[in-house]
Each structure stands twice: as structure tokens, then as C-alpha cells.
Amino acid sequence: MAELPDADRMAALQHFDEQLSKLDLAELQQLAGSLQVFGKDEARTEILRRHLIRAGRPDPRRPRRDREVTYRVDVRLSGTMPPVWRRLDLSSALMLDDVHRILQAAFGFTDSHLHRFAVGPSMYDEASALYLCPFDVEEGDDDGGVDEREVRLDELLVEPGDEVLYEYDFGDSWEVTIQLQQVLRRAPDASPATCVDGRRAGPLEDSGGPGHYDELVASGMVPGNFDRGATDEAVRRALDPVPGFPPLVKELLGWLEPSDVGDEIYALVLGAELGDLPPVEPDAAEQVVARFRWFIERVSREGVQLTAAGFLPPALVEATMQELQLDPLWIGKGNREDLTPPAAAFRHAAQELGVVRKVKGRLVVPAKVHAAAHDPVKLWAHLVERLPLGRYASAERFVAVLTLLWLAAGREPGTDPFYRFVQDALQVSGWRRRGGQPLDRGDALVLAGPLLGVLEAACCTAPRHGGRKPLTASPHGVLFARTVLAVRS
């Protein structure tokens with residue numbers, strides 16, 4: 001690297017002395033290591049330049065707008081002639097990492113390489129402010145830049161004529177200039193991004209950069225024409241990685257990294273056919289709610305007094321076991337809830353679903369449930385709404401949605417393949433115990449158990465011969481799981 005002129009060098013050294021006192025321990029250690037590598041004479045200028053670049057880069061960010069507006073921007077791919085360009089309408093409230101995804105969609109890139117934003121004379125001018133992709137930030141290659149995830153578009157673009165630079169793939173060096181053309185009033189239902197116009201198709205990945213673009217068009221490898229409809233659809237969907245999927249499924253897929261398990265989950269989603277859900281018929285609803293309707297009638301509007309220990313009275317336990325056929329091969333007397341796990345599990349499921357609740361030592365039926373008890377479709381809708389799924393962004397919720405997808409695709413829950421699948425999905429998605437250890441099969445059993453118990457109580461799984469644990473997905477159980485996935489959020 002060429003040395004600074006004497007006058008600039010003296011001024012830089014003076015500035016360096018001032019900045020040295022502001023360095024933290026990590027920066028001082030970096031400086032000391034660099035001195036050993038370069039030697040004290042060369043290191044002064046080299047390290048000084050680096051620190052001054054970091055300390056002296058401008059910060060052109062301005063206050064965010066109080067009200068969201070629409071930015072109409074002209075986006076041009078440098079070095080192509082005739083130019084490849086897009087005209088986009090963007091929300092002023094977009095963060096730069098979202099703008100990156102939109103630009104990828106606008107030009108047909110696949111986000112296979114690094115990128116960065118800048119504001120200033122050029123991408124590599126020392127006077128330009130840099131905004132870095134997450135990889136560069138996590139690797140510590142900050143180069144005086146700011147994490148793009150912390151910067152909003154309207155901090156950089158304020159008045160027509162303002163520009164932001166963007167570079168994708170530092171090998172091919174696709175450089176883009178984003179220029180604000182108009183500031184427009186924003187409709188309440190406007191998409192975060194739309195494509196208004198453009199010219200010429202985007203380049204291929206790893207095709208050598210702008211200098212080779214015209215050659216690719218001439219050879220027919222890149223279509224010369226611009227398809228505004230397809231580009232607009234891609235841009236609108238850029239911030240929605242799983243368009244058309246219901247909220248629970250989107251939440252689940254948001255945890256996934258590319259993997260074989262991820263591919264299997266996507267296959268389950270497609271197999272569940274959540275986009276074309278028929279209305280439930282009374283006969284199908286009755287299959288799921290029948291046991292609970294019976295229980296509602298036995299508890300009645302007046303409720304049932306629990307024992308001093310808080311259990312169901314023996315007569316109701318015995319009737320529940322016999323009339324609901326919870327376990328035909330149960331060998332106990334079946335009249336004490338604390339000694340009859342199937343009856344206890346059913347009562348727990350009924351409470352989890354809000355069919356009954358405890359009030360001052362009595363088990364009662366809520367008025368809303370009592371009113372719906374004679375309409376199987378209404379009671380079905382209540383069970384769909386109340387099915388326990390766990391807290392948002394928790395491992396319990398992750399496993400609950402996996403379980404529903406498994407059942408909705410017609411597969412057998414509660415089997416060895418199911419638990420292996422849940423374990424693998426938990427590990428691939430990064431779920432850990434508090435101590436940092438990966439979750440295992442035991443965790444999968446614990447996390448899936450409560451929901452499987454509720455689904456069993458609702459006859460969503462059909463018992464196999466011999467009274468063994470229910471494993472086979474019932475047709476009405478498949479429909480119930482699909483409904484929950486389709487309507488819950």
C-alpha cells in the first residue's frame with residue numbers, strides 16, 4: 001500500500017494519538033498484533049489508516065420518517081448497455097436486509113453470495129459509509145461499517161435524487177445504484193414492494209459480471225426481454241419465503257435451515273394440502289366431539305363436585321372408562337381417577353380444550369360450550385380454537401406444529417419414525433436445553449406427549465388391535481389437524 005504524503009502522514013499521526021486513548025482492549029490487542037506483523041515503522045501508517053478509516057467514515061443516516069410513505073426508486077445495474085434497470089415502489093420503513101431480498105428478486109439472483117450497501121462517492125471510496133450483510137458482521141469484518149439490519153431505508157433516502165449503492169457477489173461484482181425518484185402517499189393495504197417497470201432480464205449467477213452480460217444475451221443463455229408480471233410477483237413475495245402457507249406453518253418453516261429434515265417437512269406441508277380445505281360436515285365433526293359431548297352431558301350445567309383430593313367422583317370415573325371405551329383391556333377397577341390414568345388423561349384433555357373447567361372444587365361446563373354442545377360443527381370449531389399448541393416461538397409449539405403436520409399428512413403419530421423425525425427436526429433447527437445440549441428422543445417424547453394425549457381423547461387417532469397405544473391417523477383426525485393448521489395463528 002502506498003504511503004501517505006508527509007503532511008497527511010503528520011496530521012494522521014496526530015489524529016491517531018488522539019484516537020488511541022479511545023480504543024478498547026480488543027482494539028489495542030489488534031493494534032499490538034499488527035505491530036508485530038508489520039514492524040513499527042510500516043505498522044504506524046498501515047494501522048493508523050485502518051483505524052482512521054473506521055473512526056472517520058461518515059454516517060449519513062438521518063432521522064426516520066414519522067409516517068410511512070412509498071418510495072419510487074430507479075434501480076440500475078451498472079456496466080450493462082443498454083442498461084438493465086427496474087423501477088420499484090418500496091415502503092420507506094423497509095430495513096436494508098429486506099431491501100436486499102427485494103433486489104435479489106427484482107434481478108432474479110439467488111442470494112448465493114455476499115453483498116453490501118454503501119452511501120458515498122463509490123462502493124470502495126474511504127469516504128463512503130458502509131452497511132454490511134450479517135455474515136460480514138458475524139465474522140468481525142466490519143471495516144467501519146454498520147449492520148444492515150439496523151438501518152432503515154428512509155434513514156438513507158430522504159429527498160428525490162438521494163442514492164444508495166449495492167453490490168452483490170464480490171467476484172462478479174454486480175453493482176446497483178438505487179436512486180429515489182418520488183415520495184408518494186402510501187395506501188394502507190400497499191405491498192411492501194412492487195415492480196412498476198423495468199428493462200431486460202436479470203443476469204445469471206456466476207456468469208462473470210457485467211462485462212459478459214451482453215455475450216450471454218447474444219448467445220441466448222439470458223432472455224433479453226423483461227417480464228414485468230413475473231418480476232412483480234417475485235418482488236411482492238420476496239419478504240414472504242413461504243407464500244400461501246398459513247401462519248402456523250410459516251412460523252415453523254422460519255426455524256428451518258436447508259437440510260434433509262427441512263425437505264421432509266416441506267413435503268409434509270405439501271402433502272397436508274392446506275390450501276384447499278373443505279368445510280367440515282356434521283358427521284365428521286361428530287367423530288371428534290362425541291366423547292366430549294357425552295362428558296358435557298354427564299357434568300351438566302350444574303357441574304360435578306370433585307372429591308376432597310380434587311378427583312372425579314368414582315361413579316363418573318367408572319362410567320367414563322366403560323362408556324367411552326378409553327381402554328377396553330384396562331385391568332383395574334376403573335373407579336378411582338388417581339389409579340386410572342386413561343380417565344385422568346381424558347379429564348385433563350377436556351380441561352385443556354376448555355370443555356370443562358374447575359371452579360371452587362367443582363367441575364363445570366362453560367356457558368359457551370354448553371350452548372354449542374348440541375351442534376357438532378360448533379363444538380368442533382371450539383376444539384380447533386382451543387387445541388393447546390404452546391407459547392409462540394417455543395420448543396413446545398415447534399413440536400406441536402410438527403405433530404399436526406405429521407397427522408395432517410396421514411402419517412402415524414406416536415411411532416418410532418415419528419419420534420426420530422421430531423428429534424432430528426429439533427436438532428437441525430437449533431433447539432437446545434438450557435445447558436446448551438442438543439435435544440434428544442426423550443425430549444421429543446416429553447414435548448409431543450401432551451398434544452398426542454389431547455388428540456387421542458378426541459379420537460383423532462384410531463386404536464390398533466389389542467388395545468395398544470393408538471397410532472393410526474383417522475380420516476376425521478387428519479381433517480381436524482389440517483383445520484387447526486389452516487386457521488390458527
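**Close-up views of a predicted model**

**View 1. Thr80 in the loop between strand S1 (70-77) and strand S2 (84-91).** Helices here (H or I, at least four residues) and strands (E, at least two) are DSSP runs, numbered from the N terminus. The model is predicted: local features need pLDDT of at least 70, side-chain atom pairs count only at pLDDT 80 or more, and totals for chains, interfaces and linings use all residues. Residues are numbered from 1 along each chain as its sequence is written, and side-chain values use heavy atoms, with hydrogens and water left out. Thr80 counts as buried because its relative accessibility is 4%; buried means under 20% relative accessible area, exposed over 50%, and partly exposed in between (1.4 Å probe, protein chains only). A polar atom of the Thr80 side chain lies 2.9 Å from the backbone oxygen of Leu77, and the side chain of Thr80 also reaches the backbone nitrogen of Val84 at 3.0 Å. Not counting residues up to four places away in sequence, Thr80 touches Pro210 and Tyr213 (contact means heavy atoms within 4.5 Å).

**View 2. Asp162 in the loop between helix H6 (153-156) and strand S6 (163-168).** With 18% relative accessibility, Asp162 counts as buried. Its side chain makes a polar contact with the side chain of Arg62 at 3.2 Å. A polar contact is a pair of N or O atoms within 3.5 Å; within protein, one must be able to donate a hydrogen and the other to accept it, and residues adjacent in sequence count only if both atoms are side-chain atoms. The side chain of Asp162 reaches the backbone nitrogen of Glu159 at 2.8 Å. Leaving aside neighbours within four places in sequence, the contacts of Asp162 are Arg62, Leu156, Leu157, Ile178, Gln179 and Leu180.

**View 3. Packing of helix H10 (residues 260-272) and helix H16 (residues 395-408).** The two helices pack at an angle of about 55 degrees, with their axes 8 Å apart, so H10 is oblique to H16. Axes are lines fitted to C-alpha atoms, for helices over the stretch in contact, and angles run from 0 to 180 degrees between N-to-C directions. Angles under 35 degrees count as roughly parallel, over 145 as roughly antiparallel, 65 to 115 as roughly perpendicular and the rest as oblique. Glu264, Ile265, Leu268, Val269 and Ala272 in H10 meet Leu402, Leu405, Trp406 and Ala408 in H16. By class, this contact has 8 nonpolar, no polar and 1 charged residues. Ala, Val, Leu, Ile, Met, Phe, Trp, Tyr, Cys and Pro count as nonpolar, Asp, Glu, Lys and Arg as charged, and the others, Gly among them, as polar.

**View 4. Pro282 in helix H11 (residues 282-299).** Pro282 counts as partly exposed because its relative accessibility is 41%. Pro282 and Asp375 are 93 residues apart in sequence, with 8.1 Å from C-alpha to C-alpha. Apart from neighbours within four places in sequence, Pro282 is in contact with Pro376 and Val377.

**View 5. Packing of H11 and helix H19 (residues 475-487).** The axes lie 9 Å apart at an angle of about 90 degrees, which means that H11 is roughly perpendicular to H19. Ala284, Gln287 and Val288 in H11 meet His476, Leu479 and Phe480 in H19. The residues of this contact divide into 4 nonpolar, 2 polar and no charged.
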